[in-house]
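Please open the model in your viewer and keep the selection tool at hand. The tour moves from one selection to the next and says what is to be found at each stop.

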Amino acid sequence: MTRALLISNPFASRAHSHAVTTIREILQGGGWKVDVHTTARPGDARPVAEQARGAGYDVFVSHGGDGTAMQVAAGIVGTGITLALLPGGTGNVLARNLSLPRSAASAARALLKARRLQIDLGVVDRDNGPHYFAVVCGTGWDAQLMADTDLQAKRRWKFGAYLARALTSLATVRSVPHRVIVDGATHDLRAAMVLVLNCGRLAPGFLNLRHGLVPDDGWLDVVALEADGAFESIGAVAELLLGRETKGRRVWWSRGRTVRVEVSDGAPRPVQLDGEVTGTTPFEARLLPGALPVFVGADFKAHHD
């Protein structure tokens, strides 16, 4: 029998109580033994996972958004406990990258027949310890956007909260000099945004930035966008989504296993890891190959498939 701890974030889900009841009934109906822990405040999921990882559970089920998922993941890295994702937050981008259904109930049914896969993680060390990401970390316009979007707006409008703020802030986008060091090679460039990617799909989840960029490929991909103002920002995003990589354009790509990002000129900028703002620049992201066992959907295409 599979023993599972369901860690649910009520701050991420508007229909929390009903969803938890439904999830538990589905999993127990499939033969799982399920205990439930509801977090009391944002940030609780990691210590809950850390305290419960020695209690004999096979699976930790995260019900919330990407922030909740990565808090749970941080609590079980290196233990062999499998992470299961049930979407319930703002972006749910990791769940989309793993080809899981959009609704929590459908995802719970899918877990009963899902396959287990080891995926890579990225880690950024801070003064208060390691912080992990499964999808993306970065600095610049996107991190500032996340820092400026409050919890209530995210809970009410979900991804729409980010979209509305993004549209109103495009005119303020500015590129500044950055130094990006990839596996020891130094690159000086101007950028409005620098992203370190472990997955190819970002919010809203259906856009794939690069073929073959999957969370079990053993690499971190780095992309920087140069833009000033709304018009150039729209052009840079279009170039990114169209996959053009011609030298001299607004999009720059690299790939490595250790990536350091510094702002060469001006004040430190916020840094986000899977949508959670965690400190400021500079930062260094390192790849942890195959660090986390997860359940993936039936349509997920692994790197070696």
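Select Gly138 and then Leu195, which is its bridge partner in E10. They belong to a pairing in which strand E7 (residues 136-140) and strand E10 (residues 193-197) run antiparallel and are joined by 5 bridges; strands here are DSSP runs of at least two residues, helices are H or I runs of at least four, and both are numbered from the N terminus, while two strands count as paired if DSSP finds at least two bridges between them. This is a predicted model, in which local features need pLDDT of at least 70 and side-chain atom pairs count only at pLDDT 80 or more, whereas totals for chains, interfaces and linings use all residues. Residues are numbered from 1 along each chain as its sequence is written, and side-chain values use heavy atoms, with hydrogens and water left out.

Now widen the selection to the open sheet of 6 strands, whose order is E14-E13-E10-E7-E16-E17 with antiparallel pairing. Its edge strands are E14 (251-256) and E17, each of which pairs on one side only.

Next, go to the largest nonpolar core, which has 50 residues, and in which Phe60, Leu98 and Leu197 have the most contacts. Such a core is a set of buried Ala, Val, Leu, Ile, Met, Phe, Trp, Tyr and Cys residues joined through side-chain atoms within 4.5 Å, where buried means under 20% relative accessible area, exposed over 50% and partly exposed in between, with a 1.4 Å probe and protein chains only. The largest share of this core, 6 residues, comes from H3. Apart from it lies another core, of 19 residues, among them Cys137 and Val196.

From there, select Thr79, in the loop between helix H3 (66-76) and strand E4 (82-87). Thr79 is partly exposed, because its relative accessible area is 36%. The side chain of Thr79 reaches the backbone nitrogen of Ile81 at 3.2 Å, and the C-alpha atoms of Thr79 and Leu292 are separated by 8.9 Å, although the two are 213 residues apart along the chain.

Finish at Asp44, in the loop between strand E2 (33-38) and helix H2 (45-52). Is Asp44 buried or exposed? Asp44 counts as buried, because its relative accessibility is 16%.

Definitions and conventions: A polar contact is a pair of N or O atoms within 3.5 Å; within protein, one must be able to donate a hydrogen and the other to accept it, and residues adjacent in sequence count only if both atoms are side-chain atoms.
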